[in-house]
Amino acid sequence: MNQRSRLSLFVVQVLVISLMSALFGRLFYLQIAAGPKYREAALSIQSRDVVSPATRGLIVDSSGVPLALNKVGLAITVDRIEIDKQGDKGEAVLKHLAKLLHLKYADVYRNTRLCGELPKGGRKGCWTGSRYQPIPITKEADPDIALAIVERSDQFPGIDAQPIAIRNYPGLAGVNGAHVLGYVGPLTDTDLAKGNGHQYFRSEVIGKDGLEIQYDSYLRGTPGIRTVIVDRKESVTRESQNTLAIPGDHLITSLDARLQAATEKALADAVRRGRAAGYTSDSGAAVVMDVKTGQILALASYPTFDPNIFEKGLTVSQASDLFSEKKSVPALNRALQGLFAPASTFKSVSVVAAAAAGYNLNGTYDCPSQVQVGNRAFQNFDSKDQGRMNLKKAIAVSCDTLWYKIAFDEWLRDGGLRPKSNPNDYFFKAAQGFQITKKVGIDLPSESTSRLADRDYKKSWFEQNKDFYCNYKTRAPKSKQTPFLIQLAAENCVDGDKIRAGDAVNFSIGQGDTVVTPIKLTQMYAAIANGGTIWQALIGKAIVKTDGTVVKTMSPNKLGTVNAAPSTLSFLRTALREVVVSGTGAGAFSGFPIQVSGKTGTGQVFGTNPNGSKKDDTSWFASFAPSNSPRFAVVMMVGQGGFGASTSGVGVRHIYETLFGVKGNKVIPGAAIFPNGVPPTALPKISAATKPKGSQ
Amino acid sequence: MSEIAARQRLYRKSRGSVFHGFDPILTGAVALLLVIGTLLVYAATRDWYSRNGMDPQYYLKRHMINIAIGVFLAYGTTVIDYRLLRAYTPFLWGAGVIGLGIVLIGFGSTVNGAKAWIALPGGFQIQPAELAKISIIVGMSMILSERSHDKDEAQSRDVLQALVIAAIPVVLILLQPDMGTVFIISASVVTIIAVSGASSKWVVGLLIVAVLGAFTATKTGVISDYQVKRLQTFVDPTADSHGAGYQLRQARITVGSGGLIGTGLFNGPQTNGRFVPEQQTDFIFTVAGEELGFLGSALIVLLYLLILMRAFSIARRTNDPFGRLVTTGVIAWFAFQIFENIGMTLGLMPMTGVPLPFISYGGSSMFATLIGFGLLQNVHARTRG
């Protein structure tokens, strides 16, 4: 062998060794370095999870009456794997099925497609689950049709009928409860992405609102998962895992079904009464709270909707109605999302402020027809001169001018437009003592924060708006260029960050920029009633397993105490009793056999309705009872409902009638919701078959 | 003829037994690969065929028959006096060319986009390109080792003659088209010419021609659509997510999922689910990757390396130029076919349809590689060491 051949052979040998080394290295990378990644990829290729959703836990009231349960429906399902094997991909079978169920084939086609299989924009109604689970066409099939499909399985290959659990809000005792209970729906991509520390599966339902979403992690249980290994043709080669579903835990609430139903009815009646009196009266809220614990016994919002429509399948018109302004946005839970000026119900705060400022609660004060505040005269309600009276009487008749005077005097003492560096701010501090700007902490989603028009608020408001008011002529629309508004804008530009005299006097009667949610006002009145304790508002009482063991109890939570002397609160309670005995609430409660204390409120609202009419007053009634030993706080608000007493006061009376078992002016023995006067503390036994008391 | 027969008798007499001169390491490595291959072919087909109501041992049985025939051919190649082989080479070459011609003019059946097969009665098929590899290697070695002049090195005339020997079958294979086989034959041709001692200008020139040829072939459309697609998916595996790209991705996932020790023979869910196509033939290495893991697949690569290193040692030790060139040709053939096949499975090489020597299911390939092994043994036996 010559030199050149020898060299060539050597080069070839080096090349061959390099090639084999390259294979070796690549093999090491794939199997060792990147092995875990590829193992995971292989697993996702081979394994398919078939998810069987867990039975959702019940939601019951404090005596065990179910508010949300599961109904057995008959689902007609389509097996995609099976119908895709058919020559026409199941077209004939699905057409036949659509005819039998009186559905459109196009809808059935779409319902049985995975979302990714459909073009963008045409995906509404697509199946969000996987190909490996039966896809329901309907959940409430006629049993005869279901039977026909099962019996003639040769004519319906790939179609099956099976019982399925559907969420149901039975409406026992006439309860609607839509805003409290919420509803359930299919998981969205956002739900899947969020995870909230849980593993969600596409075919599961998830709480979408209300208690259903708040306690979803308990209610949903753990779905059963059967993992199968499939081959390239998607036929199952073996089962690798099969865990059974664990049913969800039950939620026991502090609500009472009968009281809830009565509250809803009283609210709806109040709204109707407002309309009958000529007001727009388009919305409302009512809350019943246990003042010793903060537990919510009933909570209603008007207008409402049927919580069952979601499981039946929401039509487009139903969906748009929920958020329609014309229909007053039924989806909104006004008890915790509606913000309204508290009006005269806020005078309870002013009493605390006056006491702190050293005013004699037992002294007598003038209640003139108007009070001059700077260059503006502030009128009494209906411009009535009520003469001189003691403070108790002033609360009872809801005198405004008395508070204007005190608020104006205190404002001047604090330095007026040139505030002292350390002002007393008795009114603001009294309001802050009620924790108005803190949430009530209710176990429902989307609670709004109430707003207090104090110095901080004014400063932040000015920061956001000074640009507009200081350039009013160029920024404001032509229609708003009236001399009065231009003057107002100029004033705002100069001292918009200051509390002005007008702001101070408005504050004292709950007008102006201060707004509260009905549930916040309930919490405030509960605090007045119980001696000053501010409780967190809670609906959930306990979570129990299906076998009855308690998983969790939601114990009452004290958020703080009102900053007021016991004697002040005691005076306030007698004053509020006087309102119902001889004041603005006397008419509504005339002859009522249980002692009730409360305060009316008629809040002015600025602005116009969509139809151009001026907005009517907000009607409030905030109360507690029994007056001598308060246990319940009841607040009703009717948006644009007119007078506090006639619209809401009467509504609150109706709620108390049910609560205490009153008919006419008599207490019917045994008819009270809580026979011994207090809500139950023991947890009820849970059964889907429990019926409300007094029904068959 | 009588002279040749006499030589053969003399040769036979000179050896103590029929097994005389067998390289035990080379033979052992090949035997081990045949055993592993048999298990892998069975693992690749057994589960799927039994689940689909077919004979789970269908491929196993046929594979064992192929091995038996191949071993017989290898033995024949080993004991034959290769001077006799030289005498038969023109016929072998001619048969290969005719076979390739038959494939092209329409008797061939198209498998995976290439017309590479002649269907025979009884469901058998032969692939003339596999036999053409042997005839090209032996034919070129013959021309480049037999001097019509007294120079030690091969002259340009010899090289040109040798190239003609290779070119005719290569053009026919190009027309099928079977780029994988063309690649392997080209590697062998360049290697044989290089080791023959021919001027290095030839080697460099041929390499340049190969690169330019590959470039123009892709640009001018000599390479068919499906091959362009395969090349594209090699560059960007997502380019054709249901065809070639899918196969390459599945192959990589299957090998990678094996990890260090694999799932165990017959237990690979990717293999049993048949997520990788052609997994008893071109993609059989995925079965090794998944079920035998890194340990098993690395052993296979090591066995190949062992075989190739033994072959290099044979090439060095032999005094006979023809034997050396044949050995070199077989080395290049095996090495590049192994690299192309495993490299494709692991995503290092573009997808082409070449089987894995000694392991893949398939008669023609098994016969050809075992004959190639026989050639190595033949040269070894003739080397007095």
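This is a predicted model: local features need pLDDT of at least 70, side-chain atom pairs count only at pLDDT 80 or more; totals for chains, interfaces and linings use all residues.
# A two-chain model, step by step

Helix α2(B) is followed by G53(B), a residue whose phi is positive, near 70 degrees.

- Helix α2 of chain B covers residues 24-51.
- Along the way, α2(B) bends by about 35 degrees at T45(B).
- In chain A, helix α25 takes in residues 644-660. From its first C-alpha to its last, this helix of 17 residues reaches 22 Å, close to the 24 Å expected at 1.5 Å a residue.
- How many residues of α25(A) are buried? The count is 16 of its 17, so the helix is mostly covered.
- After α25(A) comes G661(A), with a positive phi near 70 degrees.
- If you trace a helix on screen, here is a handy rule: an α-helix has 3.6 residues a turn, so residues three or four places apart point the same way.

**The two chains**

- Chain A has 696 residues, of which 44% count as buried. Its secondary structure consists of 25 helices and 25 strands.
- Chain B has 385 residues, and 52% of them count as buried. Here the secondary structure comes to 14 helices and 3 strands.
- Take the contacts in chain A between residues at least 6 apart in sequence: 73% of them join residues at least 24 apart. For chain B, the corresponding share is 71%.

**Nonpolar cores**

- The largest nonpolar core has 135 residues. Those with the most contacts inside it are L67(A), V287(A), A407(A), Y525(A), A633(A), V635(A) and M636(A).
- As background, nonpolar side chains tend to be buried together in soluble globular proteins.
- Leaving aside neighbours within four places in sequence, M636(A) is in contact with L267(A), A270(A), G284(A), A286(A), F621(A), S648(A), G651(A) and V652(A).

**Where the chains meet**

- The contact takes 45 residues from chain B and 33 residues from chain A.
- On the side of chain B that touches chain A, the elements giving two or more residues are α7 (179-195), α10 (244-257), α11 (269-272), α12 (284-317) and α13 (321-346).
- Which element gives the largest share of that side? α12(B) does, with 12 residues.
- Sorted by class, the side of chain B that touches chain A has 22 nonpolar, 16 polar and 7 charged residues.

**Backbone details in chain A**

- Most residues other than glycine have a negative phi, and most peptide bonds are trans.
- The peptide bond from Y302(A) to P303(A) is cis, with omega near 0 degrees. You will find P303(A) in the loop between β12 (296-302) and α12 (309-312) of chain A.
- A625(A) and P626(A) are also joined by a cis peptide bond, with omega about -15 degrees. P626(A) sits in the loop between β22 (618-625) and β23 (632-639) of chain A.
- K89(A) is not a glycine, yet its phi is positive, about 60 degrees. It lies in the loop between α3 (80-84) and α4 (91-100) of chain A.
- Is K89(A) buried or exposed? K89(A) is exposed, because it has 12 other C-beta atoms within 10 Å and a residue with 12 or fewer counts as exposed.
- H102(A), another residue other than glycine, has a positive phi near 60 degrees. The loop between α4 and α5 (105-111) of chain A holds H102(A), which counts as exposed with 8 C-beta neighbours inside 10 Å.

Conventions. Residues are numbered from 1 along each chain as its sequence is written. Chains are lettered from A and ligands numbered from 1 in the order in which they are written. A nonpolar core is a set of buried Ala, Val, Leu, Ile, Met, Phe, Trp, Tyr and Cys residues joined through C-beta atoms within 7 Å. A residue is buried if 20 or more other C-beta atoms lie within 10 Å of its own, exposed if 12 or fewer, and partly exposed in between; C-beta atoms are placed from the backbone. Two residues are in contact if their C-beta atoms, placed from the backbone, lie within 7 Å. Helices (H or I, at least four residues) and strands (E, at least two) are DSSP runs, numbered from the N terminus. Ala, Val, Leu, Ile, Met, Phe, Trp, Tyr, Cys and Pro count as nonpolar, Asp, Glu, Lys and Arg as charged, and the others, Gly among them, as polar. The expected span of a helix is 1.5 Å times one less than its number of residues. The bend at a residue is the angle between axes fitted to the seven residues ending there and the seven starting there.
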